[in-house]
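Biologist: I have the structure open on my screen. Can we go through it together, beginning with the words you use?

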Amino acid sequence: MTDYHISLITSLDEISAEEWDSCCFTQETGHNPFISHAFMFALEDSGCAVADTGWQAQHIIARTGDKGNIVGVMPLYLKSHSYGEYVFDHAWANAFQSAGGHYYPKLQTAVPFSPVTTPKLLVHPTALKAEVQTILIQAAEAAARKLSVSSLHVTFAERHEWDLMAEQGFLKRQDQQFHWLNECYGEFEDFLQKLSSRKRKNIRKERRLAVQNDIEIELLNGHQITEDHWDDYFSFYLDTANRKWGQPYLNRRFFSLLGKGLPNRTLLVMCKRGGRYIAGALNLLSDDTLYGRYWGAIEDHRYLHFEVCYYQAIEYAIAHGLKKVEAGAQGEHKLSRGYLPTSTYSAHWIRDPGFRQAVENYLVQERQAVLHEQEILRDFAPFKKTSPLPKS
């Protein structure tokens, strides 16, 4: 095995964007904006994901021992809470602390505030992938032991990473989201023709009624997005955040940094009525996927949320040849609009043997329940019964 040098950095200032991003491309999915230096540095530089908010960076950097060439990175945070993760372990924390343990701090490999599946074991394309991924997992476990944390969590991992971490002794957890899959449609109508007549008519009705009050929809990408657009959009984001979470995770500066750092990966869908913007949604683009994020509105218009977040996303994906749309966490209402249940994966290392056994027993039952629910939900998919369901 190659001799590797492992280090932990507490800020992305300590590594160049070129080095970090050199490990972020995969043959399977291409470039993913959420694991890019620009996105993660925007979270840090804006003060959204820093020690003061409970996200202290402990990113793992792997280099070859002889020349110091970078071969792998792994996003890692020392956390003092479980907010902004979307794979909920609050019940685990309560149980462990009720038994006299200290659940926090813990270590977390995740994209803060973003429930999206991305590679978490990032390997330079010229390095030995399996070997470096194993080194990164072992380095994360070593960091957990050195820092004396209760646990280490890797959330929204790729399936092959999930399996590899299980081989290294991590516990496997499974959940689901609803994703839309592109079956090489030429236009939105081609997608509708795959649906049952009743569902097809319902979507047409929703799209018509969504814009009936003289609402105009604009799609803005790259340098079309100005600071004025971000000002309006941020007011929408705050409205939703304050109602759903009570406290927004992201601040206004983050969106400016995002627009500057990833202009061509950023898509705003904005709604205008009477000459002013009233609603909008943010999307990020990888090489093959549109990721829907953070809908908000200052006026209430029936079906407008579905139009902006689901149907506009589908149209954009078809027009640009993207393979799928991931519209965020939760939402079984997405099913009737063509979004199918899709598994998501996380892996968990628990230090205390007794607590680990209790969590493992729970996860066995939870995985069975998730798979059973997926089978039931797919039976209610809106596609014609004579056609096979799209496969991810």
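Modeller: Two strands pair if DSSP finds at least two bridges between them. Helices (H or I, at least four residues) and strands (E, at least two) are DSSP runs, numbered from the N terminus. This is a predicted model, where local features need pLDDT of at least 70, side-chain atom pairs count only at pLDDT 80 or more, and totals for chains, interfaces and linings use all residues. Residues are numbered from 1 along each chain as its sequence is written, and side-chain values use heavy atoms, with hydrogens and water left out.

Biologist: Fine. Which residue is the bridge partner of H5 in β5?

Modeller: R63 is the partner of H5. Strand β1 (residues 4-9) and β5 run antiparallel and are joined by 6 bridges.

Biologist: And how many bridges join β5 to β6?

Modeller: There are 4, and β5 and strand β6 (residues 70-74) run antiparallel. I61 stands opposite V73 in β6. The hairpin of β5 and β6 has 5 residues between the strands, and G68 there takes a positive phi near 75°.

Biologist: Is β5 buried or exposed?

Modeller: Buried means under 20% relative accessible area, exposed over 50%, and partly exposed in between (1.4 Å probe, protein chains only). In strand β5 (residues 59-64), 6 of the 6 residues are buried, so the strand is largely enclosed by the rest of the structure. H59, I61 and R63 point one way, while I60, A62 and T64 point the other way, and all are buried.

Biologist: New topic. What is the strand order in the open sheet?

Modeller: Its 11 strands run β4-β7-β8-β10-β17-β11-β16-β15-β14-β13-β12, with mixed pairing. The edges are β4 (55-57) and β12 (216-221); each has a single partner strand, so one side of each is left without a neighbour in the sheet. On average, neighbouring strands of this sheet are turned by 30° against each other, direction ignored (axes are lines fitted to C-alpha atoms, for helices over the stretch in contact, and angles run from 0 to 180 degrees between N-to-C directions).

Biologist: How does β12 pair with β13?

Modeller: In the antiparallel sense, over 6 bridges, with β13 covering residues 266-273. The bridge partner of I217 in β13 is C271.

Biologist: Why does F113 count as buried?

Modeller: Because its relative accessibility is 2%.

Biologist: And which residues does the cis peptide bond join?

Modeller: Y104 and P105, with omega about 5°. P105 is found in the loop between α3 (90-98) and β8 (106-109).

Biologist: Last one: where is H31, and what is it in contact with?

Modeller: H31 is in strand β3 (residues 30-31). H31 counts as partly exposed because its relative accessibility is 38%. Contact means heavy atoms within 4.5 Å. Leaving aside neighbours within four places in sequence, H31 is in contact with F25, R265, S286 and D287. H31 and T118 are 87 residues apart in sequence and 10.0 Å apart in space, C-alpha to C-alpha.
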